[in-house]
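Please look at the sequence and the model shown here first.

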Amino acid sequence: MTSTFSRREFLVTGISAGAGLTIAMQLGCSPAGPSGPVTTPFVPNAFLKVSTDGSVTVVCGFSEMGQGVLTAVPQLVAEELDVEWSKVSVEQSPAGEAYFNPAFGIQGTGGSSMVRGSWTQLREAGAKARAMLVTAAAARWGVSIDECRTEAGNVMRRGSRDRLSYGDLAEEAASLPVPETVTLKDPADFLILGKAVPRLDVPDKVTGKAGFGIDVQVPGMLVAVVARCPVFGGKAARWDEAAALAVPGVRHVVTITSGVAVVADGYWAARKGRDALAVQWDEGSNAAQSSARISAELASLVRRKGIEVRREGAGSAAQAGTTVEAVYEVPFLAHACMEPMNATAHVEADHVTFWGPIQFQSDPGGAFGGGAREMAARIGGVSTDQVTVHTTMLGGGFGRRFFLDFAAEALECSKATGTPVKVVWSREDDVQHDFYRPASMAWFRGTVADGTPVSWVNRVACPAILPGPPGGLDDSSVEGLANFPYRIPNVLVEGHNPALGVPTGFWRSVGSSQNAFFSECFIDELAAAAGKDPFEFRRDLLDNAPRHKRVLETAAERAGWGTPLPEGRARGIAVAESFGSYVAQVAEVSMNDGVPRVHRVVVAIDCGPIVNPDIIAAQMESGVVFGLTAALYGKIAIEGGRAVQANFDTYQMLRVQEMPVVEVHIVPSTDAQGGVGEPGTPPIAPAVVNAIAALTGERIRRLPIVS
Amino acid sequence: MTTLRINGQTHTVDVPEDTPLLWVLRETLGMTGTKFGCGMALCGACTVHLDGEAVRSCILAVGGLTEDMEIRTIEGLSDDGSHPVQQAWIEEQVPQCGYCQSGQIMSAVALLEKNGNPSDSDIDAAMAGNICRCGTYQRIRRAIHKASGGAR
Ligand code: FES
Ligand code: FES
């Protein structure tokens with residue numbers, strides 16, 4: 001039925017028809033129904049619905065930003081329901097308690113947490129529905145449930161040819177009580193979990209039909225572009241409202257928390273209106289901040305005692321042997337999601353409707369001032385019951401869309417104008433008004449004796465993302481450093497969280513994105529000082545870290561570590577745990593006029609029991625590109641309290657001609673589950689930098705490599 | 001008034017002449033498959049075909065377009081994903097977030113219509129203007145080879 005609507009009509013129809021319907025249509029993932037009226041009587045819980053034609057709709061409470069949740073969530077449900085993959089479609093959930101992320105107790109997507117958090121919850125949702133269908137069939141046949149089994153969307157009667165489809169049983173199952181407990185499948189019997197089933201979101205992503213936030217169209221909607229102070233923390237002082245209103249198509253100029261919004265019939269008019277504003281800024285207290293000042297401050301901090309996060313043996317006491325000292329530094333980084341920030345809101349007297357590509361739908365506790373639902377209620381002056389949140393497709397997230405500044409802008413603009421408003425950011429807005437991966441510096445002093453490290457002293461200076469506890473650090477600034485895996489008898493790790501006047505946020509793999517670079521390069525320096533092979537040196541220190549060791553050995557073996565390479569190439573290796581997963585990478589690198597070329601990356605991952613190996617491979621490929629882009633080019637410089645880079649000419653992305661061959665090896669594992677969206681990123685920078693050191697003898701300690 | 005031929009149909013639009021084709025497609029005509037990524041011909045998200053050539057619609061003012069120029073967008077490839085390049089994209093499971101993929105596919109189709117069996121360096125040259133922040137390049141390369149029927 002969906003094919004008879006235009007995209008525009010889907011959205012318009014959906015507005016009155018409710019959240020589930022809108023997004024199902026936007027996603028276009030529903031299979032076409034057969035002739036005859038199909039109803040969906042069996043809705044045993046918030047996560048799935050069974051229709052009379054036997055089709056199953058899974059409701060996903062997580063945000064799809066490319067990582068595959070719109071496929072992984074249905075896989076978990078469908079496996080236990082015992083239904084064929086071709087019968088399964090997916091729709092995006094509304095905001096609500098039923099969809100809170102079990103890992104966090106909020107509705108939000110991040111921390112590579114979906115599979116770990118929902119593994120049991122979603123399987124039980126499928127298994128309970130299956131049990132109800134079995135009970136309905138047993139009642140119809142007048143037999144005990146022990147005489148029934150299920151297969152591919154049917155209940156079968158053992159020892160007979162009788163079968164009833166789930167569609168046939170949907171009405172009866174709907175009247176049964178939901179069982180309290182249920183037995184889950186033995187993993188040996190999995191047909192969908194652990195299999196590379198095709199992604200449900202892909203068909204609409206090759207036709208242009210997938211509905212991203214920026215594609216939302218609502219009747220009567222205007223488009224806003226916002227002028228924000230380029231200096232972080234500054235405010236608009238004066239502007240020429242009349243000049244903006246004189247631009248054809250401009251309807252309103254409104255002052256909102258983040259700046260001055262020009263609200264127009266479309267994006268192009270709004271852009272021209274914003275130019276016409278000629279805003280003069282009150283730049284505030286950060287106007288003199290610069291990358292040079294930031295580097296100097298971090299450098300002075302890493303020389304001063306910080307907050308201790310790890311101590312072993314004699315701590316920092318000097319040890320006999322060969323001592324190596326080094327300082328590493330990384331800059332701020334923008335996320336540069338392919339879809340620029342945007343959101344659409346319609347604030348009415350007694351209801352607020354919000355549409356957006358967001359990673360954070362709801363948090364009644366309000367640690368971040370709430371998710372989109374609570375924010376909409378606060379700005380709209382209504383209760384959260386009077387808020388409808390539609391999560392659209394996200395054109396990339398990477399942590400950026402956890403921060404809802406763009407959502408507040410849409411809500412404030414709609415409230416001020418009384419019309420539905422879509423706020424659209426330009427790429428320049430997006431790069432210059434981010435919540436950046438923090439700039440960070442790390443100092444190390446290590447000592448090796450008899451070919452093995454005897455001392456590891458490390459101090460990091462890195463702004464917080466979320467404030468730490470009183471007297472403590474934001475964990476993210478030292479993650480991967482406070483818990484580095486190598487067995488060394490004397491260890492001291494300390495940190496500082498300076499305030500630098502630049503907004504910071506979660507950036508794919510968060511603290512590990514820079515800390516793995518620091519520690520996995522410095523361990524390579526110690527290997528060199530010890531005269532040891534960097535792979536063997538690491539392996540021999542990992543007896544107490546078996547999962548690190550296994551992926552390290554797998555990557556080294558698959559990469560042919562130690563075998564000859566063509567002239568002018570070298571390998572580098574690195575291993576890191578993040579978000580519960582263990583990833584090792586070997587990079588093969590050559591140098592061309594001082595610019596590294598990465599030819600091949602071999603990835604080994606242990607993430608525990610898996611949902612979809614092809615999605616894991618895709619996330620490893622993606623994580624490698626993300627980390628390699630940052631290692632080669634990534635830098636947001638600060639001058640005059642503002643971001644220097646603005647678009648892809650100055651904030652450079654890896655392109656197809658630079659793509660290495662990425663080979664992914666998933667280590668079979670029944671250990672605790674980890675995530676896959678982020679852990680592919682941390683090891684690539686150190687693997688590449690270690691390869692360059694092996695090739696040239698030059699040790700790069702400051703990113704990006706290419707400047 | 002500007003008259004445009006898009007996917008074989010004629011549309012007359014009343015927008016300022018400096019309006020980029022991208023925004024006419026997306027906002028005036030509701031054809032949102034073509035995406036905005038940078039507005040400066042740096043990312044390829046807005047790629048469409050103009051008389052068979054891949055062009056960046058974000059810097060193409062509609063005032064410079066005439067009725068005898070044939071514009072093709074992602075919506076004009078097929079409604080159901082049946083175009084061979086779309087099929088190859090599905091088989092290789094290329095998209096992640098998907099936002100860049102309309103532009104990637106339009107660039108790939110333009111390449112393959114000129115060169116039925118592109119080499120890796122042909123692919124590099126034709127696809128270098130299309131950024132994928134999700135890093136799907138390896139699969140894009142495989143899908144182009146698959147669509148070309150090239151053994152690889
Ligand atoms: S939006 Fe046109 S090239 Fe980026
Ligand atoms: S698939 Fe996300 S930017 Fe290409």
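This is a predicted model: local features need pLDDT of at least 70, side-chain atom pairs count only at pLDDT 80 or more; totals for chains, interfaces and linings use all residues.

Is B:Arg72 buried, partly exposed or exposed? With a relative accessibility of 22%, B:Arg72 counts as partly exposed.

## A salt bridge within chain B

B:Arg72 has a salt bridge partner, B:Glu113, and the closest N and O atoms of the two are 2.6 Å apart. The pair links distant parts of the chain, 41 residues apart: B:Arg72 belongs to strand S5 (residues 70-72) of chain B, and B:Glu113 belongs to helix H3 (residues 101-114) of chain B.

B:Glu113 is also partly exposed, at 49% relative accessible area.

## Chain B as a whole

Chain B contains five helices and five strands. Their order along the sequence is β-β-α-β-β-β-α-α-α-α. The radius of gyration of chain B is 15 Å, close to the 15 Å given by the globule rule for 152 residues, so chain B is as compact as a globular protein of that length. The C-alpha trace of chain B spans about 50 × 25 × 25 Å along its principal axes.

Of the 152 residues in chain B, 60% count as buried.

## A buried cysteine

B:Cys132 sits in the loop that runs between helix H4 (120-127) and helix H5 (137-148) of chain B. Its relative accessible area is 3%, so B:Cys132 is buried, the limit for burial being 20%.

Which residues does B:Cys132 touch, leaving out those up to four places away in sequence? They are B:Cys100, B:Gln101, B:Gln104 and B:Tyr137. As for B:Gln96, the C-alpha atoms of B:Cys132 and B:Gln96 are 9.4 Å apart in space, while the two residues are 36 apart in sequence.

## Where chain A meets chain B

In the interface, 61 residues of chain A are in contact with 48 residues of chain B. The size of an interface is often given as the accessible area lost when the parts come together. Between chain A and chain B the buried area is about 4,600 Å², and carbon and sulfur atoms give 56% of this. On the side of chain A, the residues that lose the most area to chain B are A:Val206, A:Met338 and A:Val656, which together make up 17% of what that side buries.

Six salt bridges are found across the interface of chain A and chain B. In a salt bridge between B:Lys35 and A:Asp215, the closest N and O atoms are 2.7 Å apart. Several elements of chain A give two or more residues to the side that touches chain B, among them helix H1 (7-17), helix H8 (267-277) and strand S29 (661-666). The largest share, nine residues, comes from H17(A). By residue type, this side of chain A divides into 32 nonpolar, 14 polar and 15 charged residues.

## Salt bridges within chain A

Over all chains, the structure holds 53 salt bridges. In one of them, the side chains of A:Glu172 and A:Arg140 meet at 2.8 Å, N to O. A:Glu172 is in helix H5 (residues 166-174) and A:Arg140 in helix H4 (residues 114-141) of chain A, so this pair ties together parts that are 32 residues apart in sequence. A:Glu172 is partly exposed at 29% relative accessible area, and A:Arg140 is partly exposed at 42%.

Another salt bridge joins A:Asp671 and A:Arg547, with the closest N and O atoms 3.6 Å apart. A:Asp671 lies in the loop between S29 and helix H18 (684-696) of chain A, and A:Arg547 lies in helix H16 (residues 546-558) of chain A, so the pair ties together parts that are 124 residues apart in sequence. A:Asp671 is partly exposed, at 36% relative accessible area, whereas A:Arg547 counts as buried, at 11%. Elsewhere, A:Glu64, A:Arg199, A:Asp201 and A:Lys205 are linked in a network of salt bridges.

Terms used
Residues are numbered from 1 along each chain as its sequence is written. Chains are lettered from A and ligands numbered from 1 in the order in which they are written. Side-chain values use heavy atoms; hydrogens and water are left out. Contact means heavy atoms within 4.5 Å. Buried area is the accessible area (1.4 Å probe) that two parts lose on being put together, summed over both. A salt bridge is a side-chain nitrogen of Lys or Arg within 4 Å of a carboxyl oxygen of Asp or Glu. Helices (H or I, at least four residues) and strands (E, at least two) are DSSP runs, numbered from the N terminus. Ala, Val, Leu, Ile, Met, Phe, Trp, Tyr, Cys and Pro count as nonpolar, Asp, Glu, Lys and Arg as charged, and the others, Gly among them, as polar. The radius of gyration is taken over C-alpha atoms; the globule rule is 2.2 Å times the number of residues to the power 0.38. Buried means under 20% relative accessible area, exposed over 50%, partly exposed in between (1.4 Å probe, protein chains only).
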